Amino acid sequence: ADDVADDVADDVADDVADAVGDAEEESSSTNWQDCFEADTYYQEAAHKFNMDGAPRIHAANADDCQAKCAAHPGCAYFTFWPDGGCLFTSSVATSKSHHGVVAGPSKCVAAAPEEPETPQPLDPTLQ
């Protein structure tokens, strides 16, 4: 069992090493979200690139990968690779820099709208 786990870890590590690409190319086929992080991936722990129970899957683009992450129990972050690889990580994952990948949370949270300024009454003595 340890040999199988090591082989899977090696395969994922190879995918990580082979997946150097161009995040700008990805943005043309993705509805780029403000919460997406270019040139970033998430990992659970050293040499562990996906969460337990979530093998590497294929996604059409970063949006698709994010949607699949949102539907997977426990997925907090997704990482989309230029070769179509999509990995899920939990809330304990940490972000790392790697050219060509796109990552982000399972769901983008819209920023709260700014409160409009309350108009101040005009000073009648200035009129």
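Here's a quick briefing on the fold, one tryptophan and the confidence of this model.

This is a predicted model, where local features need pLDDT of at least 70, side-chain atom pairs count only at pLDDT 80 or more, and totals for chains, interfaces and linings use all residues. Residues are numbered from 1 along each chain as its sequence is written, and side-chain values use heavy atoms, leaving out hydrogens and water.

**The sheet and its helix**
- Five strands make an open sheet in the order β1-β5-β3-β4-β2, with antiparallel pairing; strands here are DSSP E runs of at least two residues, helices are H or I runs of at least four, and both are numbered from the N terminus.
- At the edges sit β1 (37-43) and β2 (57-58), each pairing on one side only; a pair needs at least two DSSP bridges between the strands.
- β1 runs antiparallel to β5 (residues 94-105), and six bridges join them.
- Thr-40 stands opposite Ser-97 in β5.
- Helix α3 (residues 62-71) lies across β2, β3, β4 and β5, at about 150° to β3; angles run from 0 to 180 degrees between N-to-C directions, using axes fitted to C-alpha atoms, for helices over the stretch in contact (heavy atoms within 4.5 Å).

**Trp-81**
- You'll find Trp-81 in the loop between β3 (77-80) and β4 (85-89).
- Trp-81 counts as buried because its relative accessibility is 3%; the cut-offs are under 20% for buried, over 50% for exposed and partly exposed in between, with a 1.4 Å probe and protein chains only.

**Confidence**
- Mean pLDDT (the predictor's confidence in each residue, from 0 to 100) is 78, and 61% of residues reach 70 or more.
- Over residues 12-29 the pLDDT is below 50, yet this stretch has 30 contacts beyond near neighbours in sequence.
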